[in-house]
Amino acid sequence: MEINTFAKIQKKAEKKSRGDFLRLGLSLIFMAIVLIATWNKIPGNPFLAVAAVFGAYMAMNIGANDVANNVGPAVGSKALTMMGAIIIAAIFESAGALIAGADVTGTIKKGIIDIHAFAHPEYFVWAMTAALLAAALWLNLATWLKAPVSTTHSIVGGVMGGGIAAGGTFAIVHWGTMGKIAASWVISPILGGIIAAGFLYAIKKTILYQTDTKEAAMKLVPLYVAIMGWAFVTYLIMKGLKHMVKVGFPTAAGIGVLGAVVIFVLVKGAIRKYEHTVTNERESVNRLFTIPLIFAAALLSFAHGANDVANAVGPLAGIYSALAHDAVSAKAAIPLWVMVIGAVGISLGLALYGPKLIKTVGSEITELDQVRAFSIALAAAITVILASQLGLPVSSTHIALGGVFGVGFLREWLDRTQRLEYRIKEEREKLEALKSKLEAYRKELETLEAKETKSQQDYERIVHLFEIIGEHEKRIKKESKALKNVYKTKYVQRAAVQKIVAAWLITVPAAGVVAAVIFYIIKGMMV
């Protein structure tokens with residue numbers, strides 16, 4: 001038996017090892033192709049090819065870590081399979097990057113350092129190269145630790161550290177901008193959590209807690225999906241397509257309202273068509289949110305590809321511009337080959353290493369179903385819209401995870417306020433009944449033991465009572481523990497929350513320190 005068990009463990013380890021080598025091999029092949037393809041982009045200066053490899057590595061790490069936030073809830077709720085989520089995300093991430101990605105990007109991410117502080121163009125090139133590699137290494141470590149972090153904050157930290165090292169002074173950093181970025185560590189998850197919990201509570205009160213759940217779902221699911229439609233149309237116009245179409249919030253919101261009306265009519269007709277398949281069961285209502293969740297995962301991926309691909313290609317485009325023109329500029333055109341590296345790298349990183357983080361976001365923080373995942377996806381879009389109008393700095397990663405935390409903590413609160421009192425009463429009554437029986441058995445035992453003359457039947461009863469008393473004492477211990485556990489019921493894994501929050505807090509300084517070290521290494525090699 002032990003030999004068979006050992007053989008199974010060994011076989012499983014060998015299979016995992018082969019999978020790890022295959023993923024590593026495909027990653028290295030991709031970076032080798034990038035190296036060869038960019039070697040002579042600037043004749044006589046192979047440094048661009050090195051930076052391109054780091055950009056490819058960064059793009060793969062974005063796919064491995066950041067994309068999980070877009071599809072994780074859908075996978076955790078079983079609205080999408082892992083393979084389906086990877087395929088949809090890869091297609092729409094690439095489409096967002098290639099179709100709606102910027103033609104021109106800022107060479108300094110978020111304007112956090114003074115571009116005029118670089119004494120020589122090569123210092124800028126080395127700083128951006130160090131930033132790319134540092135951010136990618138940090139993301140790689142975070143992915144290995146199963147901690148979803150902000151790729152934007154990673155590259156911001158890298159640029160800050162590389163810039164300080166290159167400029168030789170902390171004054172090169174725009175600390176006011178950095179303060180806003182730090183504020184997003186708090187604002188993003190709180191906003192995302194409150195909005196996600198708010199929508200989940202509304203759906204529970206108006207549909208799931210109703211006596212006739214089916215009738216409530218028939219009336220209100222189209223409305224909730226229409227609200228999501230408005231949010232995503234507005235979100236895509238403002239964020240996903242901002243590089244192609246420049247419109248303000250009123251225009252985007254107006255177009256969103258038209259989209260919401262169309263979606264409401266379509267969803268209402270579709271639900272009525274399949275009304276006979278809907279029951280009062282929660283699982284039946286959950287299934288009504290499956291298709292909206294699939295669309296949400298696709299649209300979030302598109303918007304992410306359009307925006308966050310710049311975390312990989314922005315510094316690379318700046319490096320290319322500086323090397324090609326021997327000057328540092330605030331803006332740089334993004335050549336198509338640079339965007340392709342970003343798009344392919346994100347998709348490849350997602351396919352090879354994304355499942356680990358998708359599982360973390362989807363199932364290892366709190367249990368999700370379609371209604372909860374729907375609330376999270378809706379919160380992600382609405383929070384970005386709301387924050388942009390209020391001028392608040394937010395992170396899409398922190399918003400999505402804040403939404404996951406929010407629905408989990410809401411479940412705990414509802415459990416305590418609505419069911420905890422009944423459960424405590426039930427456990428206490430059970431415990432008191434056991435204690436009463438135990439006391440009765442003990443008194444009977446004392447009476448029998450006090451008798452001067454005992455019959456054979458008395459001795460048999462005494463032995464039996466000892467057995468019964470021992471069993472009841474064990475049951476009382478068990479029930480006492482159960483009563484304590486009622487007070488400790490938790491639907492959010494605290495260890496996962498603590499690990500993720502800790503990773504958020506150290507992302508910028510960790511990437512910054514690593515970037516500074518890499519800059520000095522590059523400088524030492526080049527000078």
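Here is a short walk through a helix pair, a surface patch and a salt bridge in this predicted model.

Helix 2, residues 47-65, and helix 12, residues 310-325, have axes that come within 8 Å and cross at roughly 170°. Angles over 145 degrees count as roughly antiparallel, and helix 2 and helix 12 are therefore roughly antiparallel to each other. On the helix 2 side, the contact is made by Leu48, Ala51, Ala52, Gly55, Met58, Ala59 and Ile62. Helix 12 brings Asn311, Ala312, Leu316, Ile319, Tyr320 and Leu323 to the contact.

Helix 4 (82-100) and helix 13 (336-364) each supply at least two of the patch residues. The largest share comes from helix 13, with three residues; leucine 336 is found in this helix.

Side chains of opposite charge can pair when their charged atoms come close. The structure holds nine salt bridges, and in one of them the side chains of lysine 146 and glutamate 364 meet at 3.1 Å, N to O. This pair links distant parts of the chain, 218 residues apart. Lysine 146 sits in the loop between helix 5 (121-144) and helix 6 (151-167), while glutamate 364 belongs to helix 13.

Conventions
Residues numbered from 1 in each chain as written. Predicted model: local features only at pLDDT ≥ 70, side-chain atom pairs only at ≥ 80, totals over all residues. Heavy atoms only, no water. Axes fitted to C-alpha atoms, helices over the stretch in contact; angles between N-to-C directions. Helix = DSSP H or I, 4+ residues; strand = E, 2+ residues; numbered from the N terminus. Parallel < 35°, antiparallel > 145°, perpendicular 65-115°, else oblique. Contact = heavy atoms within 4.5 Å. Salt bridge = Lys/Arg side-chain N within 4 Å of Asp/Glu carboxyl O.
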